[in-house]
Amino acid sequence: MVDFLAENNLCGQAILRIVSCGNAIIAELLRLSEFIPGVFRLKDKADQQKYGDIIFDFSYFKGPEICEGKLEAKPELLDLDEEFRENNIEILTRFYLAFQSVHKYIVDLNRYLDDLNEGIYIQQTLETVLLNEDGKQLLCEALYLYGVMLLVIDQKIEGEVRERMLVSYYRYSAARSSADSNLDDICKLLRSTGYSSQPGAKRPPNYPESYFSRVPISETFISMVIGRLRSDDIYNQVSAYPLPEHRSTALATQAAMLYVILYFDPSILHTQQAKMREIVDKYFPDNWVISIYMGITVNLAEAWEPYKAAKTALNYTLDLSNVKEQASRYAAVTERVHTQVQQFLKEGCLREELVLDNIPKLLNCLRDCNVAIRWLMLHTADTACDPNNKRLRQIKDQILTDSRYNSRILFQLLLDTAQFEFILKEMFKQMLSEKQAKWENYKKEGSERMTELADVFSGVKPLTRVEKNENLQAWFREISKQIMSLNYDDSTAAGRKTVQLIQALEEVQEFHQLESNLQVCQFLADTRKFLHQMIRTINIKEEVLITMQIVGDLSYAWQLIDSFTSIMQDSIRVSPSMVTKLRATFLKLASALDLPLLRINQANSPDLLSVSQYYSGELVSYVRKVAKLTHAISIFTEGILMMKTTLVGIIKVDPKQLLEDGIRKELVKRVALALHRGLIFNPRAKPSELMPKLKEMAATMDGFHRSFEYIQDYVNIYGLKIWQEEVSRIINYNVEQECNNFLRTKVQDWQSIYQSTHIPIPKFTPVDESVTFIGRLCREILRITDPKITCYIDQMNTWYDIKTHQEVTNSRLFSEIQDTLGTFGLNGLDRLLCFMIVKELQNFLSMFQKNILRDRSVQDTLKALMSAVSPLKGIIANSNKVYSAAIAKTQKIWTAYLDSIMKVGQMQILRRQITNELNYSCRFDSKHLAAALENLNKAILADIEAHYQNPLLPYPKEDNTLLYEITAYLEAAGIHNPLNKIYITTKRLPYFPTINFLFLISQFPKLQYNRNLGVVCKRPADQIDWLPLVLGLLTLLKQFHSRYTEQFLALIGQFIRSTMEQCTSQKIPEMPADVVGALMFLEDYIRYTKLPRKVVEAHVPSFIFDEFRTVL
């Protein structure tokens, strides 16, 4: 008959695929359970208020129209809902696919059982599959994995959260419209069970059997599987544990499967006393805390409390005298085996001969160790005992007393056992690999000795006092031939023959009185020794390694091991050499991966990589947790560097990398905390705390930096590289989090390229409207340089208080930020200002729509003005009257307008200062980079200009990231002009140039020209500053088509010409202040846009400019 798991056996392959898929689904569920978006829990008040109206549980399905109607009634809720969808649809889809795969799994299993019943697989029925060893294992596993999936979902993803996620997915995805969607079935299967994994929570009635019965499964199949598990040793584990007292450990995997599968047939648990007695006597006579899958533990005393038959049967095991007996027995075993193991681990004890002669003894010691560790770890675990349950507490206290339990001693035993196992395995692997070569070598040596003896008795060899003896000569030659004829491949026959040869050599020594000749005796003894070695060597079997692997299973401690973390860390502190034993323990724990990966591997499933990466990653992150930086870097370094590079699961763990990660983690924690605490400002403080706090922070950062330089040689790591990478990561992450405020689709932590699971950047509770320190810093700078209360003098790069005329701050501020936060800090500040400018411009546009485009009177005024001023090349008669009338009618809109324009202008001044500082430091600190970037930039621009003049010349293609990448470099090096940036996309707006022109001339009366300072505010109460006004207008116009700017400049030109014409006709000798203001605006306009003079001279005759110069 074809092997059940052969590739051409469709029946075997089908069930193997199902089981492989089951293991992969559980890994995905465990992986996803760490990424549940917090909002779906609706735990805190803020979340409930914000999202309570858009996140629904299954009550939504009773009246979806009502819920959607409520949303549509409020536009702000619709907007929030849309934003929520954009941010969460990706993770919701991933969860939905996992839930869907659970449902698909049970549907596939049911279909497979139907196919078996209907005879689709030739010669295969449920009965024949259950008679086959592999078939029996796979069918039991298939049902058991389905139960585990349901339990894992309920433990890791609470019922309410599941419902909310499923409803959100239903609302946000297109799945509900597709006909083949089985969303209804998934919702029925995974609706909330009422179970809560919180300690002290009550168990819902009929749980989990009612949950397990949501999808019906063939009763015959369930009862046959339970029958098999009750009677057979389906994994043949008993052979690895020959002692009767180890039987429950040998059958532990099967016991876990039976525990889960019994919930599919709860009548056995409730009423069938005889079956339950049989199950308890076979599987649970001396244990009641079991591990069901990858370390998920269950205490049967609690789990079987509601079931009469199960509870009664288990009472014999839980009888206090039995508990006492078991605990005392394991206390004695622990003491005995620990001494044995420590003896074996002494230097030079585990030699090859000793190992080969004592294989059974060594294996028995290993079995005793592992069984004792397992029992004590499971039965003393905190997770297995509900502190509110008096009976469980009593049992646990009894165990702790009678087993003289000490977690440190148990942990020491685990370490020593792991080390002992590791050394034995390595020795065995080495011996197995050299087995044949050694055997052949001993054979050759023995045969040669015999040939030499034969030569001695031939009388030819001059060996003292040995007479010629032809019989012995022929006999030894024959023995030599016999030894050479031994065949390695037929080990049984070779073994038997070797024993006979040893006997023959002993006899020849006695009968021929050869004892008198020492040399001959020595030759015979040597040959016997070689033959003995051959027997030993042929006995090195792979079965021993397999037994060690089975016995050394530590998968039950996958989660329990966490409770020993602090002991591990303490022991490393006391004795760094402990790390070598820890390595063996982690490798022992890694063997837990065999369980979920075995079937996936057999099925050649593509899930192998993702599942093994998940579990290996979990284990490695635990190794990192243990390897947390201890108080003394030196101790830790010594210990860590003693470890060798190790494969944990499928991930290579390099001890040096672990050390570096530990150092990085500590650095990130400290620097992030220092930045958070150091950059909190009191807005009421006079003068501002900004500069003192920056100086203080710079000193702190310098201290960190210097101490890092000191340790780098000591620990042999690149301190400066780590410093640069981690500080840049902290700052960039904080900038990203701050910028999330301005984005609809936010960058979640798991999507961020700066956040890491191994070396996480801590998040702190916000202390004001800013999320992070970078936001607080930015808002403090904006507060103290607010154009309403300060006046910025560009030539001095300084802000002065508008009332007291005291200096507020100057460009030193940005050098100070450079010293504190480095280039990344300045660059991050620049990015944040960009987002703020975008937000401000968007606010401006919505204000423009509301106040101007929807106001009929403003529209009429603008229409009248436009007809009065056209053509723009002409001169307006009675211009004063025309302009002042238009300004008077639009007076009410200018306050908000001025606010917006000045905010943008203020941020642009800050961006120019940052660019300046970045460029200055780049030229000093990396002049070659600065030169290379400038030249590359010029070259690219020249090429692009050439392409526009001649389209046949090359131009960067759509998919070429060159322009995008070089922009990031140029911005970091300060080689760009913030005033030329396009921040937002805009539509055409009617009267836009006219409004801006009116706005500008309406502000002139508040300003005056001062010889020393330029244009300044007349009265502090007017709250206006010239440069923010100019740069704000310039930025705003830059966002629109250039013809708007052209028209705007033409209106100013016409204003200047008309006003001058009026003055000349009225014989007013000096130039009016408004004209001086307008000309100053044009001067500044071409200065900051770097445009040629002819742009403005097209609208204003040059003689006016010349006269304006004399006025200045």
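Which residue in S9 is the bridge partner of Gln1008?

1. The bridge partner of Gln1008 in S9 is Val1016. Strand S8 (residues 1007–1010) and strand S9 (residues 1014–1017) run antiparallel and are joined by four bridges, where two strands pair if DSSP finds at least two bridges between them. Helices (H or I, at least four residues) and strands (E, at least two) are DSSP runs, numbered from the N terminus.

2. On provenance, this is a predicted model, in which local features need pLDDT of at least 70 and side-chain atom pairs count only at pLDDT 80 or more, while totals for chains, interfaces and linings use all residues. Residues are numbered from 1 along each chain as its sequence is written, and side-chain values use heavy atoms, with hydrogens and water left out.

3. Helix H34 (residues 773–784) has twelve residues that should span 16 Å at 1.5 Å a residue, and its end C-alpha atoms are 17 Å apart, which agrees; the expected span is 1.5 Å times one less than the number of residues. Eleven of the twelve residues of H34 are buried, so the helix is largely enclosed by the rest of the structure. Among the buried residues of H34 are Arg776, Arg779 and Glu780. Buried means under 20% relative accessible area, exposed over 50%, and partly exposed in between (1.4 Å probe, protein chains only).

4. Rings of Phe, Tyr and Trp (its six-membered ring) pair if their centres lie within 6.5 Å, with planes under 30 degrees apart counted as stacked, over 60 as edge-to-face and the rest as tilted. By this rule the count comes to 48 aromatic pairs. The rings of Phe844 and Phe848 have centres 6.0 Å apart and planes at 45 degrees, so this pair is tilted. Phe844 and Phe848 are separated by about one helical turn, because they are four residues apart in helix H35 (residues 812–853). Phe844 is buried at a relative accessible area of 2%, and Phe848 is buried at 0%.

5. The rings of Phe1048 and Phe1081, by contrast, have centres 5.8 Å apart and planes at 85 degrees, so that pair is edge-to-face. It links distant parts of the chain, with Phe1048 in helix H43 (residues 1042–1065) and Phe1081 in helix H44 (residues 1073–1089), 33 residues apart. Phe1048 is buried at 0% relative accessibility, and Phe1081 is buried at 1%.

6. A charge sits over a ring if NZ of Lys or CZ of Arg is within 6 Å of the ring centre and within 35 degrees of the ring normal. Arg277 lies over the face of Tyr316, 4.2 Å from the ring centre, and the charged end of Lys529 sits over the ring of Phe530, 5.9 Å from its centre.

7. The model holds six cavities of 30 Å³ or more, a cavity being a set of points on a 1 Å grid over the protein atoms alone where a 1.4 Å probe fits but cannot get out. The largest cavity has a volume of about 150 Å³, and its lining of 17 residues includes Ser248, Asn287 and Arg374. Helix H19 (359–379) is one of the elements that each supply at least two residues of that lining, and the largest share, five residues, comes from H19. Lining residues have an atom within 4 Å of a point.

Terms used:
1 Å grid on protein atoms, 1.4 Å probe; cavity = no way out; pocket = protein on both sides within 12 Å on 5 of 7 lines; lining within 4 Å. Points joined across faces, edges and corners; volume = space filled by probe spheres on them.
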